[in-house]
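User: I am new to this structure and would like to know what lies behind the terms used for it. Please set each value against its definition.

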Amino acid sequence: MNTSVPAATDNRPADLADPTADLLHPVPDDDGAPFWEYAARGELRVQTCSDCDEPRFPPRPCCPHCQSFAAHWQRMSGRGRIWSYVVPHPPLLPAYAAQAPYNAIVVELAEAPRIRLVGNLVTAPDAALNSVDPARLRIGAPVRAVFHTPPGGPTLPRWVLERP
């Protein structure tokens with residue numbers, strides 16, 4: 001019996017006319033499925049313990065603070081700040097070479113500073129990954145979530161500068 005998990009690149013759409021069609025897409029699991037369902041509705045929500053009210057990410061069955069299994073999905077404002085970033089030189093995967101130079105940022109959420117999400121800083125929800133000049137990246141810059149649905153993939157939270 002084959003129990004191996006398919007590589008992330010196995011879930012790529014076949015439409016290569018779109019420059020983002022060959023990029024990696026997340027593969028939702030049972031614990032994280034609600035995150036992606038809310039994102040598809042344009043909502044940023046974080047799993048939160050129903051007993052101690054601590055948010056947690058990534059989603060998991062048990063609260064790491066009080067060990068409760070009770071949880072709900074709390075809506076976030078979608079605002080945060082750039083906590084860290086990188087501009088890959090050279091891109092590690094061939095599909096990303098055409099997008100270079102692009103960024104990958106870590107965003108600290110405004111109402112849950114211990115929650116940090118990884119994404120891309122772009123100029124608009126459907127903009128290319130390289131739509132922001134890397135010279136504009138700054139630690140602490142205020143950002144807000146926007147949502148992009150790539151061909152064949154789940155809706156992804158992306159980030160735009162609060163003050164462009």
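**Terms and values**

Analyst: Strand S7, residues 156-161, is mostly covered, with 6 of its 6 residues buried. Buried means under 20% relative accessible area, exposed over 50%, and partly exposed in between, with a 1.4 Å probe and protein chains only. This is a predicted model: local features need pLDDT of at least 70, side-chain atom pairs count only at pLDDT 80 or more, and totals for chains, interfaces and linings use all residues. Residues are numbered from 1 along each chain as its sequence is written, and side-chain values use heavy atoms, with hydrogens and water left out.

User: Which residues of S7 point one way and which the other way?

Analyst: Leu156, Arg158 and Val160 point one way, while Pro157, Trp159 and Leu161 point the other way. In a regular strand the side chains alternate between the two faces of the sheet.

User: What makes S6 and S7 a pair?

Analyst: Two strands pair if DSSP finds at least two bridges between them. Strand S6 (residues 142-148) and S7 have 6 bridges in the antiparallel sense, so they pair by that rule. Val143 stands opposite Leu161 in S7.

User: How many helices and strands are there in the protein, and what counts as one?

Analyst: The protein has 2 helices and 7 strands, in the pattern α-β-β-β-α-β-β-β-β along the sequence. Both are DSSP runs numbered from the N terminus: helices are H or I with at least four residues, strands are E with at least two.

User: Why is the pair of Tyr38 and Trp73 called tilted?

Analyst: Rings of Phe, Tyr and Trp (its six-membered ring) pair if their centres lie within 6.5 Å; planes under 30 degrees apart count as stacked, over 60 as edge-to-face and the rest as tilted. By this rule the count comes to 4 aromatic pairs. The ring centres of Tyr38 and Trp73 are 6.4 Å apart and their planes stand at 40°, so this pair is tilted. Tyr38 lies in helix H1 (residues 33-40) and Trp73 in strand S2 (residues 71-75), so the pair ties together parts that are 35 residues apart in sequence.

User: Are Tyr38 and Trp73 buried or exposed?

Analyst: Tyr38 has a relative accessible area of 17%, so it is buried. Trp73 counts as buried because its relative accessibility is 15%.

User: What makes the pair of Tyr96 and Tyr102 tilted?

Analyst: The ring centres of Tyr96 and Tyr102 are 5.6 Å apart and the planes are at 40°, so the pair is tilted. Tyr96 and Tyr102 are buried.

User: How do you know that Arg45 lies over the face of Tyr38?

Analyst: A charge sits over a ring if NZ of Lys or CZ of Arg is within 6 Å of the ring centre and within 35 degrees of the ring normal. Arg45 is at 4.5 Å from the ring centre of Tyr38 and lies over its face.

User: Which peptide bonds are cis?

Analyst: Among them are the bond joining Phe57 and Pro58, with omega about 5°, and the bond from Ala100 to Pro101, with omega near -5°. Most residues other than glycine have a negative phi, and most peptide bonds are trans.
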